[in-house]
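Could you look over this chain with me before we discuss it? My notes are meant to be read alongside the sequence and the coordinates.

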Amino acid sequence: MHQPAGSASRQQYTLLMVSIALAMFMTSLDGTIVNIALPTISTIFDLPSTTVSWVATAYLLVLTGSILVFGKVGDRIGFKTVFLVGFGVFTAGSFFCGFFPEVFDSFETLIASRVLQAIGGAMIAAIAPALVAAYLPMKMKGKAMGVVTTFAAFGTAAGPVLGGILTQYLSWNWIFYINVPVGAAAILLGSYAIPAGVTASGTPSPFDRLGAVLIFAGLGSLIYAVSQGSALGWTDPTILAALAAAVIALGYLVLHERRTADPLLDFRLFNNRNFLYVNLMLALAYFLMGGVNYLLPFFLELVKGFDPSTSGLVLTALSFAMMASGFLSGMLINRVGNRRLCIAGALVISAGYLMFRFFSAESTIYFISGALAAVGFGLGLMLSPGTNMVMNMAPRDRQGMVSSLISVERTGPITLGISFISMIFVQAMLMVASHRHVTTSSPAEIRIDVLATGFDLVFFAVFALSLGVIALALLSRDEVHADNLEEETPGIAAAGA
């Protein structure tokens, strides 16, 4: 079982936080480090860009479709088992991605290895927030969530820079090899610091296989449709079929899970309006962040005329501000409270998006960086306490489930946000170009004033939606389930438990 926290267990608390931070760093890093190497991979295997994009798409499909399944598995067999096995699978998949494709001269081997890597990544992402909620005392949860958010932001920020350095000075293989030593270190730390945990007593009900199939099919089809819609066209039969499959699978999933005794995702949790509001707030924040991160490089290069390296440097303002405020929010949660930090963060985010409305060809690099820093700072203030609120509202036997839900709310909305913002931008450009009788050439050849007008419409939409984040933050409130009250929170188990 567990023992009260003492000086020895405090050391384990620290090591546990390091293990979780490494998990978030690896999964976030892998989400951005690969894209910069895709042109090199395309050249080596002599593939068109539409084919090589499956290196990213396959990972995203499997990751998003599997997270909820592994969250439920963690509730049934223990977080430690799923977390450590996930790290092992992710680390092995990373090595396979770097080693076997060139050995066998097979692009298909790379895709298969990415699928394996995604399965491990889903296991890690599903469990990491649950470890904070389950094994850290209430007074440390806020700080831990701040660390988790900070390392996730650092992984996102470091991905393009590190990927470019490794690809240019070593080889594309090293964008995968870099995960191996980090994964090995996390496995050793996790084996020592993570308690064995207590699984469900008695005979568990049968695993919800149909729910697992519906979740994977529904989320997988949705992610495929939104990630490939712009390339294939939204009226392409494949995209329409994927969208139809997503609607049918996810619709039936809701009906099925409400009738199942031991569901993969307990939709009854959303009967608590506060739980619903906070989850929607997080999802909408990630949705807008994904779309903005996708669109801004086009603005910086096509309207401002920055070169790619300068654009990349400017964009890091968001991630580094998010890192700084992530640390700050972790220290302030116990003093200020989750709700107040969420409201403050939402206000700062919206103020940053309001600054976007004044972006133009004449905007200085300092003004643009300041707007990005404001958005990043607001996100860091809000995401940690928001995640903390969701985990605090979840009963102990639903921690893995809710942890995986939070991870889905990060990966899914970011992808949806990219697709939505891209669609709005294209439609805005078509509307303006049609009105002004501009040629249908590539964006770089369209007159700057027309291009800027298209960006203006998108930035207005982003700001308008950010007001919804403020509204949801105001509607939310701090609420702690009885299972998570500090006096009932067990201490870290003895080493080796």
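Predicted model: local features only at pLDDT ≥ 70, side-chain atom pairs only at ≥ 80, totals over all residues.

1. Residues are numbered from 1 along each chain as its sequence is written, and side-chain values use heavy atoms, with hydrogens and water left out.

2. The protein chain has 17 helices and 0 strands, these being DSSP runs numbered from the N terminus (helices H or I, at least four residues; strands E, at least two).

3. Of the 497 residues in the protein chain, 54% are buried, where buried means under 20% relative accessible area with a 1.4 Å probe, protein chains only. The accessible surface, from the Shrake-Rupley method with a 1.4 Å probe, comes to about 20100 Å², and carbon and sulfur atoms account for 68% of that area.

4. Among contacts (heavy atoms within 4.5 Å) between residues at least 6 apart in sequence, 84% join residues at least 24 apart.

5. The structure holds 23 aromatic pairs, counted when ring centres of Phe, Tyr or Trp (its six-membered ring) lie within 6.5 Å. Phe-299 and Phe-455 form one that is edge-to-face (planes over 60 degrees apart), at 5.3 Å centre to centre and 85° between the planes. Because Phe-299 lies in helix α12 (residues 273-303) and Phe-455 in helix α17 (residues 448-475), the pair ties together parts 156 residues apart in sequence. Phe-299 counts as buried at 1% relative accessibility, and Phe-455 counts as buried at 0%.

6. One aromatic cluster is formed by Phe-95, Phe-96, Phe-99, Phe-100, Phe-104, Trp-174 and Tyr-177.

Technical notes: Buried < 20%, exposed > 50% of the residue type's maximum accessible area, 1.4 Å probe, protein only. Phe/Tyr/Trp six-rings, centres within 6.5 Å; stacked < 30°, edge-to-face > 60°.
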